[in-house]
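This report describes selected contacts, strand pairings and charged pairs of one protein model. The sequence and the structure are shown first.

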Protein chains: 2
Amino acid sequence: MILTVTLNTALDITYRVRSLRPHTSHRVTEVTERPGGKGLNVARVLAALGHEVTATGFVGGATGRALQDQLTAFAGVTDALVPVEGGTRRTIAVADDTSGDTTQLNEPGPLVSSAEWSAFQEAYEDLLRSASAVALCGSLPPGVPVGAYAQLIRTARTADVPVLLDTSGEPLQRGVAARPDIVKPNADELAELTGSHEPLLATRDARRRGAHAVVASLGPEGLLAHTPQGHWRATPPHPVRGNPTGAGDSAVAGLLSGLVEHLPWPDRLARAAALSAATVRAPAAGEFDRAAYEDLLARVTVTDEANAA
Amino acid sequence: MILTVTLNTALDITYRVRSLRPHTSHRVTEVTERPGGKGLNVARVLAALGHEVTATGFVGGATGRALQDQLTAFAGVTDALVPVEGGTRRTIAVADDTSGDTTQLNEPGPLVSSAEWSAFQEAYEDLLRSASAVALCGSLPPGVPVGAYAQLIRTARTADVPVLLDTSGEPLQRGVAARPDIVKPNADELAELTGSHEPLLATRDARRRGAHAVVASLGPEGLLAHTPQGHWRATPPHPVRGNPTGAGDSAVAGLLSGLVEHLPWPDRLARAAALSAATVRAPAAGEFDRAAYEDLLARVTVTDEANAA
């Protein structure tokens with residue numbers, strides 16, 4: 001199975017309102033809820049692609065129970081979340097019918113104790129024994145050490161399980177130094193990691209910092225990969241309009257599924273770019289449009305960037 | 001015991017943010033949750049006053065379980081909520097540190113089926129057997145007939161249990177016609193019920209429509225009562241500044257506790273006005289400041305309005 005780690009899981013709630021006006025009262029006309037946090041999004045896409053997936057991370061409180069109820073309703077995602085005393089966070093996206101824009105309210109995560117962090121590390125080590133690959137995704141909840149991902153990467157490497165890292169800031173900085181197999185920063189994260197706003201130079205620099213392969217997701221410009229096997233750019237056939245929420249998580253799912261299927265890099269990148277674009281095009285945030293995916297997969301352009309780099 | 005009915009219970013969530021700006025992302029710095037809906041607020045105040053209280057109404061889903069977990073943590077409130085298939089609603093108050101103002105997002109309630117409504121009516125009839133008084137509070141969730149309160153009032157009257165009604169719109173209109181012992185409208189609800197913006201005339205008119213006693217809560221101007229025993233106005237010693245959320249519910253608790261203790265009307269009104277003002281003054285919405293309550297109780301003025309009316 002593929003293992004996904006989401007230390008800061010969330011219940012993602014979307015409210016529709018007619019028009020959000022601060023300091024007034026609003027009737028919410030529609031409420032949707034789904035398990036969130038980047039690793040759970042990755043797990044959902046992997047399951048939809050037909051992979052066996054186990055999701056771990058922390059979960060707690062009434063919101064955590066609601067999240068787990070909904071997670072077990074998904075075919076193919078095995079729940080291996082580790083309980084914590086604190087409550088799983090909610091995120092609320094207020095979608096405004098009038099403007100079409102969204103206002104986001106993000107709760108902080110639960111405070112994780114050092115005993116809970118130790119319990120997680122043990123569970124993680126056990127789960128790695130039956131994992132073909134692992135993805136470490138998203139932010140760290142309060143209380144988890146900033147070097148958490150670096151530790152988890154070292155454990156995966158010791159267990160000989162390929163590991164992908166998708167996070168930001170200091171956890172990314174430290175994680176890259178622990179030599180993950182793949183990092184998947186977006187343009188901002190890549191610039192923050194390397195100090196360079198020039199993606200070709202920055203992806204090369206990120207490899208020098210320790211990552212075996214770097215795949216940068218550059219929004220409408222697709223993916224830019226710098227790997228030991230070569231450098232490529234994967235671009236969708238035309239700019240895709242829609243909701244970019246979860247597009248990066250779908251790219252991670254594409255990269256991981258290609259890795260465990262031993263696809264060559266250009267095919268992994270085509271799959272990741274097509275899934276990402278099909279997610280932008282889907283009506284619900286973070287879902288992907290399967291017909292669009294199959295259509296896009298044949299039409300993504302993968303170009304060799306060896307000379308450019 | 002005193003019975004409170006909250007058909008549209010809610011989990012009231014308060015978020016603190018630095019400044020709410022539509023179409024941007026916000027870190028919530030503080031999250032507080034408590035069981036809500038007017039009848040549950042009344043129950044909490046009655047329990048704090050030392051009364052035995054049972055809370056009924058509908059509850060469902062993960063939010064309902066969270067509400068019940070928190071309700072049973074309160075000393076003195078017995079949970080007799082009736083399960084429904086749909087989910088209990090959340091309300092979110094976004095408190096803005098910069099402006100001090102609050103933005104409210106209210107989910108719709110669960111859709112109640114006719115079988116669930118029947119199950120509630122049976123449970124209610126059973127509970128009335130050991131009730132010394134009953135309060136019917138707040139809005140109706142979708143699916144509950146608009147004449148629901150009228151039915152519940154008739155059941156209470158048949159069981160010889162004094163009944164107080166605190167609602168608005170059509171459910172208030174129909175409820176008043178079923179001859180409740182007390183109705184407690186605020187200024188807007190009273191005007192909507194009677195068509196008159198003149199409280200003295202409007203309270204008299206509301207009695208003519210069927211209510212045995214009418215107690216209007218007029219915000220900083222205190223309470224105006226029109227009863228078979230006389231007409232009074234109860235006024236706090238000075239205008240109270242603070243958060244008016246729950247002030248009307250505290251007034252209901254004061255009226256009910258005075259009723260079951262067989263206090264004369266002026267004493268009931270003094271208690272209700274003091275509790276209401278002490279709620280406005282408390283730092284947390286819907287809580288009351290006990291020291292302020294005891295201080296205010298001695299200083300509320302109750303004047304006979306018989307001549308004025």
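Leaving aside residues up to four places away in sequence, A:Pro228 touches A:Arg207, A:His212 and A:Ala213. The position of A:Pro228 is in the loop between β14 (223-227) and β15 of chain A. In sequence, A:Pro228 and A:Ala213 stand 15 residues apart, while their C-alpha atoms are 6.7 Å apart in space. The model is a predicted one, and every value below is computed from it.

Over all chains, the structure holds 28 salt bridges. Between chain A and chain B the count is 4. A:Arg90 and B:Glu33 meet through their side chains in a salt bridge, at 2.5 Å from N to O. In general, side chains of opposite charge can pair when their charged atoms come close.

**The interface between the chains**

How many residues does each chain bring to the contact? Chain A gives 32 residues and chain B gives 32 residues. About 2,500 Å² is buried between chain A and chain B, and carbon and sulfur atoms give 55% of this area. A:His23, A:Arg90 and A:Leu105 supply 24% of the area that chain A buries against chain B, which is more than any other three residues.

Polar contacts between chain A and chain B amount to 20 residue pairs, counted where both residues are at pLDDT 80 or more. On the side of chain A that touches chain B, at least two residues come from each of β2 (10-17), β3 (25-27), β4 (30-36), α2 (61-72), β8 (89-96) and β9 (102-106). The element that gives the most to this side is β9(A), with 5 residues. By type, the residues of this side of chain A divide into 14 nonpolar, 9 polar and 9 charged.

**Sheets that hold strands of both chains**

Strands of a sheet pair through backbone hydrogen bonds, either parallel or antiparallel. In one open sheet, 5 strands follow the order β4(A)-β2(A)-β8(A)-β9(A)-β3(B), and the pairing is mixed. Which strands stand at the edges of this sheet? They are β4 of chain A and β3 of chain B; each has a single partner strand, so one side of each is left without a neighbour in the sheet. From one strand to the next, the twist averages 15°.

A second open sheet of 5 strands has the order β3(A)-β9(B)-β8(B)-β2(B)-β4(B), again with mixed pairing. Here β3 of chain A and β4 (30-36) of chain B are the edge strands, and since each has a single partner strand, one side of each lacks a neighbour in the sheet. Neighbouring strands of this sheet are turned by 15° against each other on average, direction ignored.

| Strand pair | Sense | Bridges | One bridge pair |
|---|---|---|---|
| β9(A) and β3(B) | parallel | 3 bridges | A:Asn106 and B:Arg27 |
| β3(A) and β9(B) | parallel | 3 bridges | A:Ser25 and B:Gln104 |
| β2(A) and β4(A) | antiparallel | 7 bridges | A:Ala10 and A:Gly36 |

The pairing of β9(A) with β3(B) joins strands from chain A and chain B, and so does the pairing of β3(A) with β9(B). Within chain A, α2(A) lies across β2, β4 and β8, and runs at about 85° to β4(A). The helix α2 (61-72) is also one of the elements that supply at least two residues to the side of chain A that touches chain B.

How values were computed
Residues are numbered from 1 along each chain as its sequence is written. Chains are lettered from A and ligands numbered from 1 in the order in which they are written. This is a predicted model: local features need pLDDT of at least 70, side-chain atom pairs count only at pLDDT 80 or more; totals for chains, interfaces and linings use all residues. Side-chain values use heavy atoms; hydrogens and water are left out. Contact means heavy atoms within 4.5 Å. Buried area is the accessible area (1.4 Å probe) that two parts lose on being put together, summed over both. A polar contact is a pair of N or O atoms within 3.5 Å; within protein, one must be able to donate a hydrogen and the other to accept it, and residues adjacent in sequence count only if both atoms are side-chain atoms. Helices (H or I, at least four residues) and strands (E, at least two) are DSSP runs, numbered from the N terminus. Ala, Val, Leu, Ile, Met, Phe, Trp, Tyr, Cys and Pro count as nonpolar, Asp, Glu, Lys and Arg as charged, and the others, Gly among them, as polar. Two strands pair if DSSP finds at least two bridges between them. Axes are lines fitted to C-alpha atoms, for helices over the stretch in contact, and angles run from 0 to 180 degrees between N-to-C directions.
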